[in-house]
Amino acid sequence: MQPSHDAGRLVEILAALRNPETGCAWDREQTFETIVPFTIEESYEVADAVARGDMDNLKEELGDLLLQVVFQARIAEELNLFDFGAVVQAVTEKMIRRHPHVFGTGLDLTADEIKALWEKIKQDEKSAKHNAGPGEGLLADIPVALPGLTRAVKLQAKASTVGFDWNDPRLVIEKIREETGEIEVALDSRDAAALAGEIGDLLFAVANLARHVTTDPEGAIRLANAKFERRFRFIEEELARVGRAPGTATLEEMETLWNTAKAVEQVLP
């Protein structure tokens, strides 16, 4: 079987891998549930390639992510649920339906008006599928499996559509200060459960601040992680130059090197 630019060839490859008699033993035993962790992992690897600006790797990672979609669709086809073609049809119908200003009336809308229209159409779609019942409200369609900070932003954004929101990011900063104070109280009480709850509240408030200033909190923490790795590596390299390891240095020595790393970064072009 030869490679191809045609997505249909990928569908054929998955069918061959899942063939009960001649396919791959590992691929044959996979289910919706077992594939999900790989799908999530591939999504993160796409984000990582974008963050690093590695376009060759991005091409590869997008292919891996597409493979996950085709894999899930193949399992569904075997269960007589739907196939990859139905997935493509569903998403193309959705994109056309949610862009009437492009594919319909051709209205000249601003970016904010387009966003509002998108949300209205999504809500209309939801209402058309079912009437809200017990346990189904405004926030019911936000997936639980999303990364915590991402889900926090989506919950907050959805609540804001009905006016449950602050209109000034400085008010969110006040909430962050309030939450840090409650963490101090929990620390004094030595109540582990209370401390975990207060830290969660703080993270939720920080995600809210990121949303208010139009910053992706997941992207922000990835940048912070990369910064930490870079500066800690500087500490390791500087200590290695004098024949030492981090475990042999004092905290004060490592903090001095950390500050040196910060200063070096600030003068670099």
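Good morning. What we have is a predicted model, in which local features need pLDDT of at least 70 and side-chain atom pairs count only at pLDDT 80 or more, while totals for chains, interfaces and linings use all residues. Residues are numbered from 1 along each chain as its sequence is written, and side-chain values use heavy atoms, with hydrogens and water left out.

I begin with charged side chains. Side chains of opposite charge can pair when their charged atoms come close. A salt bridge here is a side-chain nitrogen of Lys or Arg within 4 Å of a carboxyl oxygen of Asp or Glu. How many salt bridges does a search of the whole structure find? The search finds 19.

Consider arginine 9 and glutamate 12, whose closest N and O atoms are 3.1 Å apart in a salt bridge. Both residues belong to helix 1 (residues 7–17), where they stand three residues apart, about one turn of the helix. Helices (H or I, at least four residues) and strands (E, at least two) are DSSP runs, numbered from the N terminus. As for accessibility, buried means under 20% relative accessible area, exposed over 50%, and partly exposed in between, with a 1.4 Å probe and protein chains only. Glutamate 12 is partly exposed at 42%, and arginine 9 is partly exposed at 26%.

A second salt bridge joins arginine 18 to glutamate 78, at 2.5 Å from N to O. Arginine 18 sits in the loop between helix 1 and helix 2 (25–28) and glutamate 78 in helix 4 (residues 55–78), so this pair ties together parts that are 60 residues apart in sequence. Is arginine 18 buried or exposed? With 9% relative accessibility, arginine 18 is buried, whereas glutamate 78 is partly exposed at 31%. These two residues also belong to a network of salt bridges that links Arg18, Arg74, Glu77 and Glu78.

Arginine 230 is in helix 11 (residues 217–241) and glutamate 265 in helix 12 (residues 251–267), so distant parts of the chain, 35 residues apart, are linked.

I turn now to the nonpolar cores. A nonpolar core is a set of buried Ala, Val, Leu, Ile, Met, Phe, Trp, Tyr and Cys residues joined through side-chain atoms within 4.5 Å. The largest has seven residues: Leu14, Ile35, Val70, Phe71, Ala73, Ile75 and Phe84. Helix 4 contributes the most to this core, with four residues. Another core, of five residues, lies apart from it and includes Ile235, Leu239, Ala249 and Leu257.

A pocket is defined on a 1 Å grid over the protein atoms alone, as an open set of points where a 1.4 Å probe fits, with protein on both sides within 12 Å along at least five of seven lines; lining residues have an atom within 4 Å of a point. The largest pocket holds about 1,300 Å³ of space. Its lining has 27 residues, and the closest to its centre are Lys122, Asp141, Pro143, Leu146 and Lys154. Which element gives the largest share of the lining of the largest pocket? That element is helix 8, with six residues.

Key: Grid points are joined across faces, edges and corners, and a volume is the space filled by probe spheres set on the points.
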